[in-house]
Amino acid sequence: MILFTKRNLYVFFRDRSAVFFSLLSSFIIIGLYFLFLGDTYANNFKDIANNPRSLVDNWVMAGLIATTSVTATMGSFGIMVNDNHRGIVKDFYSSPINRNYLVAGYVLASLIIGFIMSVVTFIFAEIYIVIGGGTLLSISSMIKVLLLILLTTFTNTTMIFFITSFFSSNNGFSTASTIIGTLIGFLTGIYIPVGFLPEAVQWIVKIFPTSHGAVLLRQVMMESSINENFANIPTEYLNEFKHIMGVSFELGNRELKDFESICILVGFALLFFVLSAIRISRKKEK
């Protein structure tokens, strides 16, 4: 299984186009932020915040890390789809290697790739924030971010694996990747803050697991800038800001705690793991 995982990692990182397209959604978000979103969001808070750009930079970069954990993971699962499409997987199945180990190799490689690409995004995000006048995260906050990246990537890996199990052609998978890459910016509240969406759409965002990863990342990465910018602002205005910008989620009349968002991520990871196992077992029977 380890050797097969290494093979998948090598195949992915050797293909520069695969790496590029797995990050395409992230590049689009960065481009839109530089050209339009950054100044627009910062101007909205210039009357109440001392350093609105730092506030917005941390907000969008936290969301960007969450989206990267989805798109990079999906890009890595393209190896599995391509192996099926080209019949390469039949050669693997004819070998003495247990089929479960092959499946685990694809999943583990995707988890590693998603984590690596998300961490790289985090590093560049911190460099950008500091260059823009923001504050570098403390060591303890960085550790929290890395743990949240791992948890979010694990959940996204099981989710994307389940989705990918329905595709056997590159064309179908490419279409699904494009759709997910387009929607992910909305589902994590980057293109349009959650509080500005219709109520029905907000519920969709709030039950989407990756959005909870974005919420948790924002709370850690924005803690310092929020303390700086809202030091003399009434608590009700701060709470309203958090709910509108997706720094915290409110279900009904109650604000979700961090632990509850973590439980949602773990719960969805287990759900998709079970669904994927059922899906794979049915494939074996055919």
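The model is predicted, so local features need pLDDT of at least 70 and side-chain atom pairs count only at pLDDT 80 or more, while totals for chains, interfaces and linings use all residues. Residues are numbered from 1 along each chain as its sequence is written, and side-chain values use heavy atoms, with hydrogens and water left out.

Rolling a probe the size of a water molecule over the atoms shows where empty space is left. Here a pocket is an open set of points on a 1 Å grid over the protein atoms alone, where a 1.4 Å probe fits, with protein on both sides within 12 Å along at least five of seven lines; its lining residues have an atom within 4 Å of a point. Grid points are joined across faces, edges and corners, and a volume is the space filled by probe spheres set on them.

| Pocket | Volume |
|---|---|
| Largest pocket | About 740 Å³ |
| Second largest pocket | About 360 Å³ |

Let's start with the largest pocket. Of its 30 lining residues, Phe21, Ser22, Gly75, Phe173 and Ser177 lie nearest the centre. The helix α8 gives the largest share of this lining, 8 residues; helices are DSSP runs (H or I, at least four residues), numbered from the N terminus.

Now for the second largest pocket. It has 19 lining residues, and Leu216, Gln219, Val220, Glu223 and Asp258 are the closest to its centre. Its largest share of lining, 4 residues, comes from α10.

Technical notes:
Helix = DSSP H or I, 4+ residues; strand = E, 2+ residues; numbered from the N terminus.
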